[in-house]
Amino acid sequence: MCGIVGYTGDKNCVPILMNGLTSLAYRGYDSAGVAVWEGSELTLRKAKGKIDQLQELLEESPVGGKSGIGHTRWATHGEPSDINAHPHTDTRKTLAIVHNGIIENYLHIKSMLEKNGCVFLSQTDTEVVAQLLGYLYRGNPLSALTQAVAMLEGSFALAILFADDPATIYCTCKDSPMVVGHGDGESIVASDIPALLEYTRDVCFVQDRQIAVLRREGIQYYDEFGVEIEKKTTHIDWDVESAKKGNYEHFMMKEICEEPDAFKKTFDQYVSKDFTLKSDHFPWDEAKAKRFERISIVSCGTAYHAGMLGKKFIEHMANLRVDVDIASEFRYGDTLIKSGEPFMVISQSGETADTIAALRRAKELGCETMALCNVTGSTISREAEHVLYTYAGPEIAVAATKSYLTQIIVLYLCALDLAQKRGVMTQRQVSDRLEEMSRVPASMQKILDNKEQIQFFASRSFAVKHVFFIGRGMDYALAMEAALKLKEISYIHSEAYAAGELKHGTIALIEDGSLVVALATQPELQAKVASNMEEVRVRGAHVLALTNGPWEGAKGHSHEQWEIEKMDETLAPLCAIVPMQLLAYYLAVQKGCSVDQPRNLAKSVTVE
Ligand code: F6R
């Protein structure tokens, strides 16, 4: 959802800005642009459409210089167009600016500026910030910026190039991520880590209303009043290659194929070689775990689905009640949560606006907050009292795959740790389970090695109009994620249903040619799921069953059977998600969809 990159240093900034914008393209955008200091003035190049369009424009009318800012815009105020694309300038062209986020009081500021003679060219809230800064500027960029920031409401990450101080990039933000880093004779800013990885892995996250001033020699930081402050750097251990597509056609396939590895990395962080839990890695001791009466989990989208599965794990294994809510509902809803209760948010990016708001609300209510997060230094990881990291590495495809897997792994381990500390499971039982869990990546690898079976199925089924994922218990939670994955990247209508609930209404939608994917990995519930499969089969559905090891019973009630290697039923969802992600992937590819950047979607939803 919009991307910012800025560079100042010894090199020509244009290829660096374009490279940075390309690495941020996964966030979703509909226009792109750059502003470069060419030695005598700020030169802008902007184009509606993909980065290729901007590249073509730069080839027709080249620009070059040692400092510049770039942007990929996802339209919020005003249609996608060359004029509305960023960067924007003030009327006198004293500065150029790029912006992520939404300025909520822009109309108010705009009317004040119009009364003072400003003429606006675009429909964007960003141009209002450009004109405001130009209006306030009296030769001191830092002073103009602190005054402007005090007036802005809403969310913003801003990178600004002033014509009077062209080798410097000024940056600030509020409720929108911004990360800066200093390399060898160069400084760089971006809205997301992948754009920085080629230059440095020691980065600094700019916090609300702080200002970062980037020069080739280094970076200075100021608070909202313009007083210089010190900031610590965070080391990012993702490597450059992990944020690149390599030989894969799509990031999504690469990221699915990385799942066995992400599994092992996450598992090893929380589990010792002798298959005991590193119990001090969990934010509760025995006394606390015993005192808990419930845990609340709040998140969005795929991370919400991880929470739903986490609820099943924790309730089943640790005998502890879990309430799961969607962050956008929780933040404005009535809440019965009490002070001192454990409250967990789950977020891959750590920057989802609704999840951040939910976390802040829980803090106000006095809850003990914890976060499951994939990005070190992100807002959520900074603001939660305790952080349980997932070790998925950078996830570039919009559709979450390996991040979901690592979230459910950590939730599974939380369930085991709570079970042991609450005395529901013995250490021996936990160790046995962990030993079995350590074999799951090998089972996943077998699915990946035979993925052509799924590709073949997709090549026969891509014309399907409706897909229903059904399951009971843990399989139902898994079905929710399987259905989301399919709909978001293939645009095929899909629903997840608790198998026993179908006949209370939804079964009316089943017709000849509907595809029903029955998740049946839980042996105790298989007989029940078999009846549900039969109900839809006799009404014309094509039934695909996914089973935990061989299950003869599936044959009579389904047209196709896929199986994962037999494993403990609580572990099965950790493996069964892989064929579901592959199914979504191949159906989307068959339909010719833009797999890594589905329409209307952005990787990180940093606005409400
Ligand atoms: C779907 C997907 C989204 C995210 C959601 C929350 O594939 O990726 O549903 O899960 O936007 O994002 P994070 O986890 O970054 O808070």
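**Exercise 1.** Determine which polar contacts (N or O atoms within 3.5 Å) the ligand's oxygen atoms make.

*Solution.* Begin with the backbone: an N or O atom of Val398 lies 3.4 Å from a ligand oxygen atom. Turn next to the side chains. Ser349 places an N or O side-chain atom 2.7 Å from an oxygen atom of the ligand, and for a polar side-chain atom of Glu488 the distance to a ligand oxygen is 2.5 Å.

The model is predicted: local features need pLDDT of at least 70, side-chain atom pairs count only at pLDDT 80 or more, and totals for chains, interfaces and linings use all residues. Residues are numbered from 1 along each chain as its sequence is written, and side-chain values use heavy atoms, leaving out hydrogens and water.

**Exercise 2.** Describe the interface of domain 1 and domain 2.

*Solution.* First, locate the parts: an automatic or database assignment gives domain 1 (3-240), domain 2 (250-438) and domain 3 (449-593). Second, take the area lost on putting two parts together, summed over both (1.4 Å probe); it is about 1,000 Å² between domain 1 and domain 2, with 66% from carbon and sulfur atoms. On the domain 1 side, Tyr26, Phe205 and Trp238 lose the most area, together 51% of what that side buries.

Key
A polar contact is a pair of N or O atoms within 3.5 Å; within protein, one must be able to donate a hydrogen and the other to accept it, and residues adjacent in sequence count only if both atoms are side-chain atoms.
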